[in-house]
Amino acid sequence: MRIRTFLTALGLSSVFALTGCASTATKTTPATPASAPAFVETTQIFGDEVYGATTDAGYALPAIPINKVDKRFHRQIVAYETPEKPGTVIVNTRERFLYYILPGGKAVRYGIGVGKQGFAWAGEAYVAWKQEWPMWHPPKEMADRKPEVARYVEAGMGPGLTNPLGARAMYLFNEKGQDTLFRIHGSPEWNSIGTAASSGCIRMINQDVIDLYSRVRPGRSSKVIVIQ
């Protein structure tokens with residue numbers, strides 16, 4: 001498929017919206033089948049074992065009941081034609097897919113969940129830095145709505161199995177070196193994959209975000225394209 005990207009300037013309202021990245025979902029809307037490609041050749045689908053229980057940095061990640069997740073959103077290698085170089089990440093928010101481009105016209109495809117903030121920005125960026133088991137700082141606007149998270153605005157929520165950023169986070173900056181406030185991150189809410197959640201950016205199953213994290217190298221060469 002051919003990719004067209006649109007560089008969208010971040011207005012002030014978008015900045016405020018995006019600061020809510022990675023909050024807990026309270027309402028979800030499934031992706032409609034019409035949003036998926038009519039045909040995508042799958043060359044390899046990973047087995048259920050990649051979603052099994054694992055220990056990572058001392059945290060015991062539980063197994064994902066992956067049979068309860070639509071198979072379209074399971075990690076798989078698919079045929080994917082693009083002029084972009086291997087190592088590029090392409091996020092298609094409408095389809096609820098994230099592609100990591102491989103050589104030879106293929107890509108690793110992951111299912112994602114998209115918060116309303118995830119629809120607030122499109123364009124090109126790069127992974128400026130990434131973090132294992134990150135801290136979570138909710139925005140003040142969220143604390144106004146949910147007083148129970150107010151204590152985390154300044155101090156932050158420490159890493160752990162209930163942290164909304166999950167096991168990994170990748171932080172996207174624009175070509176000017178400015179933080180877009182757009183994140184690709186894990187989530188303990190595996191059942192939000194394939195949905196449009198009430199808030200957050202781009203969320204992945206923790207086992208999937210760990211895999212993606214191991215492939216992505218931070219720096220200006222780590223190109224990320226977000227398509228709405």
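Predicted model: local features only at pLDDT ≥ 70, side-chain atom pairs only at ≥ 80, totals over all residues.
The backbone oxygen of glycine 158 sits 3.0 Å from a polar atom in the side chain of asparagine 163. Residues are numbered from 1 along each chain as its sequence is written, and side-chain values use heavy atoms, with hydrogens and water left out.

So where is asparagine 163 found? Look in the loop between helix H3 (152-155) and strand E11; helices (H or I, at least four residues) and strands (E, at least two) are DSSP runs, numbered from the N terminus. Asparagine 163 has a relative accessible area of 0%, so it counts as buried (under 20% relative accessible area, with a 1.4 Å probe and protein chains only). Leaving aside neighbours within four places in sequence, its contacts (heavy atoms within 4.5 Å) are Pro134, Met135, Trp136, Met157, Gly158 and Pro188.

Now follow the chain on to E11, residues 168-173, which runs antiparallel to strand E10 with 6 bridges joining the two. Strands count as paired if DSSP finds at least two bridges between them. In this pairing, glutamate 132 stands opposite arginine 168 of E11. E10 (residues 123-132) also pairs with strand E15 (residues 223-227), again in the antiparallel sense, over 4 bridges. There, alanine 125 faces valine 224 in E15.

Finally, take a look at helix H4, residues 206-215: 8 of its 10 residues are buried, so the rest of the structure largely encloses it. Among those buried residues are Asn206, Asp208, Ile210 and Tyr213.

Methods
Buried < 20%, exposed > 50% of the residue type's maximum accessible area, 1.4 Å probe, protein only. Polar contact = N/O pair within 3.5 Å; in protein donor to acceptor, adjacent residues only side chain to side chain.
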